[in-house]
Amino acid sequence: MDDEGLPRFAGVVYDQEEGIDALVGDFVAGLLARKLRVGGLLQGREPDAQGGTRTVVRVIGKARRIVISQNLGRQSTACSIDSAAIAEAAVALRQALEGRPALIVGNRFGHLELEGAGMSEEMLDILASGTPFLIPVARRFEEGWRRFTGDLGDLLDPRPAALAAWFEALAPVTA
């Protein structure tokens, strides 16, 4: 929340995962090009040694990647999230807050956070700090995000103009 008690966070609600990582990554790259301090995590996929893909998060502003999925085999239907890697990423998210950036980006709001696990504690600390926070939220988790945030904050369409307009509306307090 800002000094006037207004929420300064937004979920980018998407239907299909394809493209959301590039959208948020491009937005962050634009802010960094303007010399704004941005912290947090960007999620992506990369090939693994078994011919599949794995989920990674890149720590913004650092040459650090954290592989957050584990290979359970092609036939597995179990959750592939690596809890130790999530804990490591949560530390990076908390460190982003300590750096007092103009914006913090979360990699995703998902089922772990709905259950009060994952990076939910770090996200709540960021929301309470008043630091602008942006995070992709799959449409299937939109209601859970609303509950998590007390139905405050903004919900954005996954379009560059929507992200830019939201952030620019915060400009007087992020400059």
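Strand β2 gives the most to the lining of the largest cavity, with three residues. The model is predicted, and a search of the whole structure turns up one cavity of 30 Å³ or more. The structure also holds six aromatic pairs, and ring pairs join Phe 9, Phe 109, Trp 145 and Phe 148 into a cluster.

**Cavity**

- Sorted by class, the lining of the largest cavity has five nonpolar, three polar and two charged residues.

**Aromatic pair Trp 145 and Phe 148**

- The ring centres of Trp 145 and Phe 148 are 6.0 Å apart and the planes meet at 25 degrees, so this pair is stacked.
- Helix α5 (residues 142-148) contains both Trp 145 and Phe 148, which are three residues apart, about one turn of the helix.
- Trp 145 and Phe 148 are both buried.

**Aromatic pair Trp 166 and Phe 167**

- For Trp 166 and Phe 167, the ring centres lie 6.4 Å apart with the planes at 50 degrees, so the pair is tilted.
- Trp 166 has a relative accessible area of 6% and is therefore buried, the cut-off for buried being under 20%.
- Phe 167 also counts as buried, at 1% relative accessibility.

Technical notes
Residues numbered from 1 in each chain as written. Predicted model: local features only at pLDDT ≥ 70, side-chain atom pairs only at ≥ 80, totals over all residues. Heavy atoms only, no water. 1 Å grid on protein atoms, 1.4 Å probe; cavity = no way out; pocket = protein on both sides within 12 Å on 5 of 7 lines; lining within 4 Å. Points joined across faces, edges and corners; volume = space filled by probe spheres on them. Helix = DSSP H or I, 4+ residues; strand = E, 2+ residues; numbered from the N terminus. Nonpolar A, V, L, I, M, F, W, Y, C, P; charged D, E, K, R; others polar. Phe/Tyr/Trp six-rings, centres within 6.5 Å; stacked < 30°, edge-to-face > 60°. Buried < 20%, exposed > 50% of the residue type's maximum accessible area, 1.4 Å probe, protein only.
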